[in-house]
Amino acid sequence: MMLYILILIVLVIIGLKSVRILRPYEKGVVERLGKYNRTVGSGVAILIPFIEKIVKVDLREQVVDVPPQEVITKDNTVVVVDCVIFYEVVDAFNATYNVVNFYQAITKLAQTNLRNIVGDLELDETLTSREMINAELREVLDVATDKWGSKVVRVEIQKIEPPQDIVDAMSKQMKAERYKRASILEAEGYKQSEIKKSEGDKQAAILEAEGQAESLLRIAEADKKAAILRAEGEAAAIEKVYSAIHEGNPDDGLIAVKYLESLEKIADGNASKVFLPLDTSGVLGSVAGIAELFKEDKKE
């Protein structure tokens, strides 16, 4: 009975040693008596107990955090640079046999190449060229890790820290630039405001001048019409007198009025001038009544 139990235990141990289960993201490198035999995929892998062994390799994307390091730029400024590397294994055989400690190897490789890349840039270029540094470093690491059966997916610069005095100087420069831009914008705003104000004053002056011109035109038109009406009235009166005289029926009152108007024009307002007509018939008869009126006024 004990023999059967012992045989069963041995069979269980042999079964456990001969069966390996691989996850979907794993591959297995099988060695037979210390020599590479085959590479197996995910699922159940059958091994020869005590003769074959399997090394599991993770194919998922992994992260290597490169420790911060001081790097000297082209203009002799010391900056602290920190980056992160994302990689994945694409060849289980090379990843197993071509590198001992992949993490340490890629860390040192990244630090070395990072110093080379940043050393060719000035401080301003280093601070503004993160994408370019990421691309160059990824390309260099991808070529170097190809023989390790790995592919560098991307590289990200986490921080680039210049010395504190440089940071303070950059902060002052940035503030000065902002003040400068604010002053320029304020000056531009004032300029635009003055231009708009001048344009408004100009338009107001033009409208006022146009209004005055229209008013003067209206006054001139009114004066013109009044002068025309006066001229027409005088012409009608002269025509009436002329007609009355030449038709032989002059109205004594009308002749007397016209006579007095003519005397007024000849005298030009001088009261010392006296004009008497030679013909006392007709006109003097009409003027007699007017003379009597003047005498009555003097007596009063």
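This is a predicted model: local features need pLDDT of at least 70, side-chain atom pairs count only at pLDDT 80 or more; totals for chains, interfaces and linings use all residues.
Reader: How many residues does α3 have, and what span is expected for it?

Author: Helix α3 has 18 residues, and 26 Å is the span expected at 1.5 Å a residue. From the first C-alpha to the last, α3 reaches 26 Å, close to that expectation.

Reader: Which residue caps the N-terminal end of α3?

Author: The cap is Asn101, which has a side-chain oxygen 3.3 Å from the backbone nitrogen of Tyr103.

Reader: Which residues of α3 are buried, and against what do they pack?

Author: A residue is called buried when its relative accessible area is under 20%. In α3 the buried residues are Phe102, Ile106, Thr107, Ala110, Gln111, Asn113, Leu114, Ile117 and Val118. They pack against β6, β7, α4, α5 and β8.

Reader: Why does Asn113 count as buried, and with which residues is it in contact?

Author: Asn113 counts as buried because its relative accessibility is 14%, under the 20% cut-off. This residue lies in α3, which covers residues 102-119. Once neighbours within four places in sequence are left aside, Asn113 is in contact with Leu137, Val140 and Leu141.

Reader: How many salt bridges does a search of the whole structure find?

Author: Side chains of opposite charge can pair when their charged atoms come close. In this structure the search finds nine salt bridges. One of them joins the side chains of Glu52 and Arg32, at 2.5 Å from N to O. Glu52 belongs to strand β5 and Arg32 to strand β2, so this pair ties together parts that are 20 residues apart in sequence.

Reader: Where does the salt bridge of Glu61 and Arg154 lie?

Author: The side chains of Glu61 and Arg154 meet at 3.3 Å, N to O. Glu61 lies in the loop between β5 and β6, and Arg154 in strand β8, so the pair ties together parts that are 93 residues apart in sequence. Glu61 is partly exposed at 37% relative accessibility, and Arg154 is partly exposed at 35%.

Technical notes
Residues are numbered from 1 along each chain as its sequence is written. Side-chain values use heavy atoms; hydrogens and water are left out. Helices (H or I, at least four residues) and strands (E, at least two) are DSSP runs, numbered from the N terminus. Buried means under 20% relative accessible area, exposed over 50%, partly exposed in between (1.4 Å probe, protein chains only). Contact means heavy atoms within 4.5 Å. A salt bridge is a side-chain nitrogen of Lys or Arg within 4 Å of a carboxyl oxygen of Asp or Glu. The expected span of a helix is 1.5 Å times one less than its number of residues. A polar contact is a pair of N or O atoms within 3.5 Å; within protein, one must be able to donate a hydrogen and the other to accept it, and residues adjacent in sequence count only if both atoms are side-chain atoms.
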